[in-house]
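Thanks for coming. I have one structure to go through today, and I will keep it short. Please have a look at it first.

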Amino acid sequence: MSFAYKFRYIVVGDTGVGKSCLLLQFTDKRFQPVHDLTIGVEFGQRMVTIGKKKIKLQIWDTAGQEAFRSITKSYYRSAAAALLVYDITRRETFNHVASWLEEMREQADGNNNITIMLVGNKSDLAQRRAVSTEEGEQFAKENGLAFMETSARTRHNVEEAFPQSSSMVCQKIQEGAIDLSKVSAVLHYVVLYFLLAGAYGVHLTIVVSLAE
Ligand SMILES: Nc1nc2c(ncn2[C@@H]2O[C@H](COP(=O)(O)OP(=O)(O)OP(=O)(O)O)[C@@H](O)[C@H]2O)c(=O)[nH]1
Ligand SMILES: [Mg+2]
């Protein structure tokens, strides 16, 4: 299937916050009730439509466990967008968000245009809530992040989190904040393919992947 852009995503945050479950709901519409610890990095993809554009999301789900940090760090640099996930029932996972952000920004190494969404997951566990929605919102606002609460179990906001951040990336492209001519110098790869659709000409596909 043809698409206008391909965005690389990374999903980061403490172990057990529900990163893999969010990805599984988004790509497969399934919930995994058992913690199936991610080793290193896993991968998923799905198409979304923003405006009239078809966009392929290539999503890297990283391991939250400290032991894998050196592997996962290397994936930050080329991402167009990131979901930084915490668990609303475990305060310490929210307390660690600042250090995740710092690490992401260090690793991004000049890629200041990465779109980051802070995600408070497990919103279905309202009775065990340890971080208020307002606190999440406030942190996001202070740090220039988008914000959403989700549930990988009930699918609450799962369909919204990825497209909303994708449309923010699209907006940056439109506003010229992501300059595709400059990006092309640092692209992982730029795929240009020409489909001869009768006499209708040329179809162009650009893979957006920031700052190598
Ligand atoms: N109630 C509830 N449980 C969830 C939700 N999301 C994930 N879980 C549970 O939380 C546990 C951890 O989920 P994972 O998605 O494996 O966590 P992770 O962030 O990928 O963890 P690492 O791979 O170790 O970094 C599992 O038992 C999930 O079933 C949610 O939205 N609600
Ligand atoms: Mg995982």
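I will start with the overall layout, then turn to the ligand, and end with a few single residues.

One thing to keep in mind is that this is a predicted model.

The layout first. The protein chain has 212 residues, and buried residues make up 48% of them. There are seven helices and seven strands in the chain. If you follow the elements from the N terminus, the order is β-α-β-β-α-β-α-α-β-α-β-α-α-β.

Now the ligand. Where does ligand 1 sit? The answer is the largest pocket. Around ligand 1 there are 25 residues, and the closest are Thr15, Lys19, Gln32, Gly64 and Ala152. By type, the shell around ligand 1 divides into nine nonpolar, 10 polar and six charged residues. Helix α1, residues 19-28, gives the largest share of that shell, with three residues.

For Gly64, a backbone N or O atom is 2.7 Å from an oxygen atom of ligand 1. A polar backbone atom of Gly16 is 2.9 Å from an oxygen atom of the ligand. With Gly18, the distance from a backbone N or O atom to a ligand oxygen is 3.0 Å. As for cover, ligand 1 taken alone exposes 650 Å², and the protein buries 93% of that.

Next, a residue in a strand. Ile59 belongs to strand β3, which covers residues 53-62. Is Ile59 buried or exposed? Ile59 counts as buried because its relative accessible area is 0%, and the cut-off for buried is under 20%.

Last, two residues in a loop. Arg155 is in the loop between β6, residues 146-149, and α6, residues 158-175. Its phi is near 75 degrees, which is a positive value in a residue other than glycine. Arg155 has a relative accessibility of 27%, so it counts as partly exposed. Asn157 is also placed in the loop between β6 and α6. Asn157 is not a glycine either, and its phi is positive, at about 65 degrees.

To recap on the ligand: ligand 1 is in the largest pocket, with 25 residues around it. That is what I have for today.

Terms used
Residues numbered from 1 in each chain as written. Chains lettered and ligands numbered in written order. Predicted model: local features only at pLDDT ≥ 70, side-chain atom pairs only at ≥ 80, totals over all residues. Heavy atoms only, no water. Near = heavy atom within 4 Å. Polar contact = N/O pair within 3.5 Å; in protein donor to acceptor, adjacent residues only side chain to side chain. Areas by Shrake-Rupley, 256 points an atom, 1.4 Å probe, with all protein chains shown as cover. 1 Å grid on protein atoms, 1.4 Å probe; cavity = no way out; pocket = protein on both sides within 12 Å on 5 of 7 lines; lining within 4 Å. Sits in = over half its atoms within 2 Å of the grid points. Helix = DSSP H or I, 4+ residues; strand = E, 2+ residues; numbered from the N terminus. Nonpolar A, V, L, I, M, F, W, Y, C, P; charged D, E, K, R; others polar. Buried < 20%, exposed > 50% of the residue type's maximum accessible area, 1.4 Å probe, protein only.
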